[in-house]
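Colleague: I would like to go through this model feature by feature. Please give the general idea each time, then the case at hand.

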Amino acid sequence: MEKKVLELLSDAFPTIDFTASEELVDDGILDSLTLVEIISCLSMEFEIMIPYEEIIPDNFNSVVAIARMIEKLKK
């Protein structure tokens, strides 16, 4: 799942290095507008709804965290 998420995000956002940090939100690599775009991209690709309560920095700080969140929501 992590590889698929990384490929998807790297293709959709080529100017962002998603492997540069394990704190993508906390380090300011991802801003709020980019997060909205990422949520939209993930929702369409994985056919999931990301509830408001899941939109927290911990779920978007790394590709691993994003993949974990997706797996949890797909259950």
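Colleague: In which helix is I70 found?

Modeller: Some ground rules come before that. This is a predicted model, in which local features need pLDDT of at least 70 and side-chain atom pairs count only at pLDDT 80 or more, while totals for chains, interfaces and linings use all residues. Residues are numbered from 1 along each chain as its sequence is written, and side-chain values use heavy atoms, with hydrogens and water left out. Helices are DSSP runs (H or I, at least four residues), as strands are (E, at least two), numbered from the N terminus. On that basis I70 is found in helix α4.

Colleague: Is I70 buried or exposed?

Modeller: The classes rest on relative accessible area: buried is under 20%, exposed is over 50%, and partly exposed is in between, with a 1.4 Å probe and protein chains only. I70 has 0% relative accessibility, so I70 counts as buried.

Colleague: Which residues does I70 touch, leaving out those up to four places away in sequence?

Modeller: A contact means heavy atoms within 4.5 Å. By that test I70 touches M1, V5, L42, F46 and I48, with residues up to four places away in sequence not counted. The C-alpha atoms of I70 and I50 are separated by 8.4 Å, and these two residues are 20 residues apart along the chain.

Colleague: What does M69 touch, with the same exclusion?

Modeller: M69, also found in helix α4, touches L42, I50, E54, N59 and F60, not counting residues up to four places away in sequence. M69 counts as buried because its relative accessibility is 2%.

Colleague: Where is N59, and what does N59 touch?

Modeller: N59 has its place in helix α3. Beyond residues up to four places away in sequence, N59 touches E54, A65, I66 and M69. At 13% relative accessibility N59 counts as buried.

Colleague: Which residues of α4 are buried, and against what do they pack?

Modeller: V63, A65, I66, A67, M69 and I70 are buried in α4. The buried residues of α4 pack against α1, α2 (32–46) and α3 (57–60). As background, an α-helix has 3.6 residues a turn, so residues three or four places apart point the same way.

Colleague: How does the length of α4 agree with its number of residues?

Modeller: The expected span of a helix is 1.5 Å times one less than its number of residues. The 12 residues of α4 should therefore span 16 Å, and the end C-alpha atoms of α4 are 16 Å apart, which agrees. For α2, 15 residues should span 21 Å, and the end C-alpha atoms of α2 are 21 Å apart, which agrees.

Colleague: Which residues of α2 are buried?

Modeller: They are T34, L35, I38, I39, C41, L42, S43 and F46. These buried residues of α2 pack against α1, α3 and α4.

Colleague: At what angle do α1 and α4 cross?

Modeller: Axes are lines fitted to C-alpha atoms, for helices over the stretch in contact, and angles run from 0 to 180 degrees between N-to-C directions. The axes of α1 (residues 2–12) and α4 (residues 63–74) cross at roughly 115° and come within 9 Å. Angles under 35 degrees count as roughly parallel, over 145 as roughly antiparallel, 65 to 115 as roughly perpendicular and the rest as oblique. α1 and α4 are therefore roughly perpendicular to each other. The contact is made by E2, V5, L6 and L9 of α1 with V63, V64, I66, A67 and I70 of α4. These residues divide into eight nonpolar, no polar and one charged, where Ala, Val, Leu, Ile, Met, Phe, Trp, Tyr, Cys and Pro count as nonpolar, Asp, Glu, Lys and Arg as charged, and the others, Gly among them, as polar.

Colleague: How do α1 and α2 pack?

Modeller: Their axes are 11 Å apart, at an angle of about 125°. α1 and α2 are therefore oblique to each other. K4, V5, L8, L9 and A12 of α1 make the contact with I38, C41, L42, E45 and F46 of α2. The residues of this contact divide into eight nonpolar, no polar and two charged.

Colleague: What is the phi of E47?

Modeller: Phi of E47 is near 50°, a positive value in a residue other than glycine. E47 has its place in the loop between α2 and α3, and at 73% relative accessibility E47 counts as exposed.
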